[in-house]
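Keep the sequence alongside as you read.

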Amino acid sequence: MKRKLTPKQQRFADEYIKSGNAADAARKAGYSKRSARSVGQENLTKPDIKQYIDDRMAEIASKRIMDATEAVELLTSIARGETKETVYIGAADGVYEKHKEADLKTRISATKEILKRYPDNDKLVEQQIRKLKAEADIVEAKAQIFNDKGDDTETKVAKLLDKIDDAIEGNDDHDN
């Protein structure tokens, strides 16, 4: 059978939840200043008080603290550009409010945060990194080839196609 807390014990528990400091909670609940420290520590070992604190913390957490599903849903809505950000713009005739989607950097960060939560996605991340590297290699090769003054257009295109093939295959030993 669950024992009900005295009003003083309940005040102690409520104050402890607010501050996390047992001695301070004991003083605020009306225990003497001299014994507040020992009474506070003793109260934290009493099963009924501990259970009350645990129940209240769970209740508070369920109402106020974002759970993992909610966090991933928010990150997803940011990554997809669904969550709008309010921006205030000052002008000579006043201040205007504008709602815009997150910038690309923020959306990428949200995506990275989501991916961190899925440990089995290593292969997917590795594929994405390879793809990005290949795209960067292609752009670099394109710039290098088309800046070369010595070759005609047909030769430049042939070299570019070779570089693209190398980038797709992950081969860097072609030096055409």
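This is a predicted model: local features need pLDDT of at least 70, side-chain atom pairs count only at pLDDT 80 or more; totals for chains, interfaces and linings use all residues.

Now step back into helix 1 itself. Helix 1 runs over residues 7-19. With 13 residues at 1.5 Å a residue, it should span 18 Å. Its end C-alpha atoms are 18 Å apart, so expectation and model agree. Four residues of this helix are buried: Gln9, Phe12, Ala13 and Glu15. Their arc around the axis is only 170 degrees, and therefore they sit on the same side of helix 1. Look next at the face turned away from that buried side. There you find Pro7 and Lys18, both exposed.

Move on to helix 2, residues 22-29, where lysine 28 has its place. Is lysine 28 buried or exposed? Exposed means over 50% relative accessible area. Lysine 28 has 52%, so it counts as exposed. Aspartate 14 lies 14 residues from lysine 28 in sequence. In space, the C-alpha atoms of the two are 9.9 Å apart.

Further along comes helix 5, residues 68-79. Helix 5 has twelve residues. From first C-alpha to last it reaches 16 Å, close to the 16 Å expected at 1.5 Å a residue. Its buried residues are Ala71, Val72, Leu75, Thr76, Ser77, Ile78 and Ala79. What covers them includes helix 6. Just after helix 5, glycine 81 takes a positive phi of about 80 degrees.

That leaves the pairing of helix 5 with helix 6. Two packed helices are described by the angle between their axes and the distance between the axes. Helix 6 covers residues 104-116. Here the angle is about 145 degrees, and the axes of helix 5 and helix 6 are 8 Å apart. The crossing of these two helices is left-handed.

Which residues meet across this contact? Helix 5 contributes Val72, Leu75, Thr76, Ile78 and Ala79. Helix 6 contributes Thr106, Arg107, Ala110, Thr111, Glu113 and Ile114.

Note on methods. Residues are numbered from 1 along each chain as its sequence is written. Side-chain values use heavy atoms; hydrogens and water are left out. Axes are lines fitted to C-alpha atoms, for helices over the stretch in contact, and angles run from 0 to 180 degrees between N-to-C directions. A crossing is left-handed if the near helix is turned anticlockwise from the far one by less than a right angle, and right-handed if clockwise. Contact means heavy atoms within 4.5 Å. The expected span of a helix is 1.5 Å times one less than its number of residues. Buried means under 20% relative accessible area, exposed over 50%, partly exposed in between (1.4 Å probe, protein chains only). The arc is that of the directions from the helix axis to the C-beta atoms.
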